[in-house]
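Morning, everyone. Please take a look at this one with me.

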Amino acid sequence: MSDTNDSVAGGRAPDPKGAPDAEGALDPRWGQPSPLHDPRILAHFRGRPSDVLITTAPKAGTTWMQQILHQLRSGGDPHFRSIYEVVPWLERPRRDKDWRAVLEEYETLPEPRIFKTHCTYPQTPDSDRVRIVLSSRDPRDCCVSFYHHLQAMTPQARRRSGIPEPRSFDEYFERWLAFGAWFRNVQSWWPHIEDDNVLWLRYENMKRDLAGTLERISSFLGWPLPAARREKILEYCSFEWMKAHADRFTRFPEDEAPSFRPGGFIRKGEVGDYRNLLTPEQEARILEKARAMLPPDCLAFLGLPA
Ligand code: A3P
């Protein structure tokens with residue numbers, strides 16, 4: 001359930017908190033309002049040192065990370081109704097309450113609170129106070145995964161999100177590349193990879209070694225991973241468990257119905273699936289844009305050709 005809104009990142013210098021100015025206008029650093037992005041929530045959110053923000057470019061394993069962190073925090077919980085109830089999407093406007101009520105609800109959540117966000121670094125509130133778990137994924141796979149995401153949305157969810165249905169893969173590809181959210185997102189976070197409060201994980205490594213990933217997150221956050229709960233937590237975070245319980249991950253708390261057709265969101269979960277859809281020319285254009293926007297050490301870290 002992802003889109004991003006980062007078109008104004010890097011605008012004029014923000015006031016200390018990016019609060020409304022005298023005219024009541026918000027600092028543009030918080031982005032433009034959209035059905036998936038309420039800048040007022042970002043401007044007024046107050047992070048706590050115990051908070052954890054999951055930040056990703058869309059389709060980089062966001063929902064998987066929401067599940068992993070919720071399971072680590074709870075010691076294994078198979079009973080939640082919607083992952084968005086236990087790990088809210090920070091900047092998402094709600095149909096059932098205004099932004100002030102959303103922030104009030106955040107205030108009542110038990111600590112440690114966990115949120116998902118697709119914000120770039122400049123858009124992320126209190127990024128120096130909270131802890132950040134970032135997941136990145138090969139842009140070629142993110143591109144293809146997001147195409148399937150759009151194809152699998154129910155008509156109602158599509159109308160609400162304001163994102164049009166792609167007419168063809170080629171048309172979608174041009175829009176994805178030109179919009180460039182993946183590139184801006186990774187570019188904005190890369191200078192912070194060594195920050196003490198940032199843990200940057202790669203989807204490809206999570207796939208290779210989920211148990212090791214849980215250990216790394218558990219020691220970074222200081223959340224214990226008791227041996228007696230380990231197998232259950234691993235089971236709940238597996239692709240198979242999440243696919244079998246897909247309605248938990250595809251339904252917002254205020255919605256009666258999931259936003260995706262069955263099988264469309266927790267879809268394939270593979271590394272390199274882009275090979276089934278991207279032409280060599282399209283793949284080369286993604287890599288070219290990555291080379292133009294990211295430094296060589298970042299490309300190497302991501303496993304992309306320099
Ligand atoms: P695919 O479309 O390639 O299958 P996000 O949550 O950021 O939107 O990312 C969704 C992608 O993560 C989808 O990729 C989905 O299948 C994959 N995913 C979700 N849960 C997963 C899991 N437990 N293991 C591996 N991949 C998972």
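This is a predicted model: local features need pLDDT of at least 70, side-chain atom pairs count only at pLDDT 80 or more; totals for chains, interfaces and linings use all residues.

Let's start at the ligand. Which residues come nearest to it? There are 20 residues around the ligand, and the nearest are Thr62, Thr63, Ser145, Lys268 and Gly269. Now some polar atoms. At glycine 61, a backbone N or O atom sits 3.2 Å from a ligand oxygen atom. Arginine 267 places a polar side-chain atom 2.8 Å from an oxygen atom of the ligand. Tyrosine 203 has a polar side-chain atom 2.8 Å from a ligand nitrogen atom.

Next, the backbone. Find lysine 59, in the loop between strand E1 (52–56) and helix H2 (62–74). Lysine 59 is not a glycine, yet its phi is positive, about 80°. Now move to proline 112, in the loop between helix H4 (99–108) and strand E2 (114–117). The peptide bond running from glutamate 111 to proline 112 is cis, and its omega is near -5°.

Last, the helix pair. Two packed helices are described by the angle between their axes and the distance between the axes. Helix H5 covers residues 139–152, and helix H13 covers 280–293. They pack at about 120°, with axes 10 Å apart. H5 and H13 are therefore oblique to each other. Their crossing is right-handed. Who meets whom? On the H5 side we have Pro139, Arg140 and Cys143, and they meet Glu283, Ile286 and Leu287 of H13. By class, that contact has 4 nonpolar residues, 2 charged and no polar ones.

That's the tour. Thanks.

Definitions and conventions. Residues are numbered from 1 along each chain as its sequence is written. Side-chain values use heavy atoms; hydrogens and water are left out. Axes are lines fitted to C-alpha atoms, for helices over the stretch in contact, and angles run from 0 to 180 degrees between N-to-C directions. Helices (H or I, at least four residues) and strands (E, at least two) are DSSP runs, numbered from the N terminus. Angles under 35 degrees count as roughly parallel, over 145 as roughly antiparallel, 65 to 115 as roughly perpendicular and the rest as oblique. A crossing is left-handed if the near helix is turned anticlockwise from the far one by less than a right angle, and right-handed if clockwise. Contact means heavy atoms within 4.5 Å. Ala, Val, Leu, Ile, Met, Phe, Trp, Tyr, Cys and Pro count as nonpolar, Asp, Glu, Lys and Arg as charged, and the others, Gly among them, as polar. A residue is near a molecule or strand if one of its heavy atoms lies within 4 Å of it. A polar contact is a pair of N or O atoms within 3.5 Å; within protein, one must be able to donate a hydrogen and the other to accept it, and residues adjacent in sequence count only if both atoms are side-chain atoms.
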